[in-house]
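Here are my notes on the model you sent.

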Amino acid sequence: MEPLIKPSTKEMVFAITPDVPASFTVELESISELPVLFKLKLSKMERYSVNPPAGVVPPGQKIAVVIRMTAYSQIPPDVFSCRDRFRLETAPMPRTESADIAELWQEVPPKTTRFQLFPVKMVIGDDSRWKEIADKMEAEANLDKGRSTTTPSETSASVKSTTYSGEELLRRRRRMADEIEREISERSVQINDLKRKIELSASNQDSNDAAEHSYMGVSGVQIILMLAITAFSIKLLV
């Protein structure tokens, strides 16, 4: 939908000074052939006041809206990261007869309403004390941001220190495979010794004892094989 109002700004800029309410004026110009309803909504009602908060702009005319910010005795903590927003809602006037603005808005079809968003920006006024403090706050914020950001050269150095070339990686995996092969060979000798002990135990004891020892022996073999295979897999992936 085409806009009905042409605002004089795209953002609300407030120059703040100690203990003095900051103000900003925006002009709303009608670019419609019909009277236009408007209302300005705030993201933080407790911080701002608007005069007038709603009204009617005749065709081709302008209306000035004054927005005031609460006075601060100290610099607001979000002075450099303010996320406040104003939302301007406009709609063609549903009828020409004079009526209460709230009543007229209730008659507006939702599909005919237009929306415009205005971000808020705070700047430090002419007070020298606040400017000095604000400069320090901004410098500290930039320093903290720099500490949390890794430069491309640092990232490249980090990657180089933990990355192997293709040939180096192949040699490393071959050495690991040789070590695992020797380890499996040693475990095979232990498994054969364990089998002989099981057979000897089965021949000298009754069936129950033989079954118990056989179970224990097989479990031991399984555990050894599982450990060997796990170690082999982990080392090859390093």
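1. The largest nonpolar core has 30 residues. Met-12, Phe-14, Ile-16, Tyr-48, Val-65, Ile-67 and Phe-86 have the most contacts inside it. A nonpolar core here is a set of buried Ala, Val, Leu, Ile, Met, Phe, Trp, Tyr and Cys residues joined through side-chain atoms within 4.5 Å. Buried means under 20% relative accessible area, exposed over 50%, and partly exposed in between (1.4 Å probe, protein chains only). In soluble globular proteins, nonpolar side chains tend to be buried together.

2. Please read all this as a predicted model: local features need pLDDT of at least 70, side-chain atom pairs count only at pLDDT 80 or more, and totals for chains, interfaces and linings use all residues. Residues are numbered from 1 along each chain as its sequence is written, and side-chain values use heavy atoms, without hydrogens or water.

3. Which residues does Phe-14 contact, leaving aside its neighbours within four places in sequence? Among them are Phe-24, Tyr-48, Ile-67, Phe-86 and Val-120. Contact means heavy atoms within 4.5 Å. Phe-14 counts as buried, at 0% relative accessibility.

4. The structure holds three aromatic pairs. Rings of Phe, Tyr and Trp (its six-membered ring) pair if their centres lie within 6.5 Å; planes under 30 degrees apart count as stacked, over 60 as edge-to-face and the rest as tilted. The Phe-14 and Tyr-48 rings have centres 5.6 Å apart and planes at 45°, so this pair is tilted. Phe-14 is in strand S2 (residues 12-16) and Tyr-48 in strand S5, 34 residues apart. Strands (E, at least two residues) and helices (H or I, at least four) are DSSP runs, numbered from the N terminus.

5. Tyr-48 counts as buried, at 6% relative accessibility. The rings of Tyr-48 and Phe-86 have centres 5.0 Å apart and planes at 65°, so they are edge-to-face. Phe-86 lies in strand S8 (residues 85-92), so the pair ties together parts 38 residues apart in sequence. Phe-14, Phe-24, Tyr-48 and Phe-86 form one aromatic cluster.

6. Now the sheet. Four strands make an open sheet in the order S1-S3-S7-S5, with antiparallel pairing. Two strands pair if DSSP finds at least two bridges between them. S1 (5-7) and S5 (48-51) are the edge strands, and each pairs on one side only. S5 and S7 (residues 62-69) pair over four bridges. Val-50 stands opposite Ile-67 in S7.
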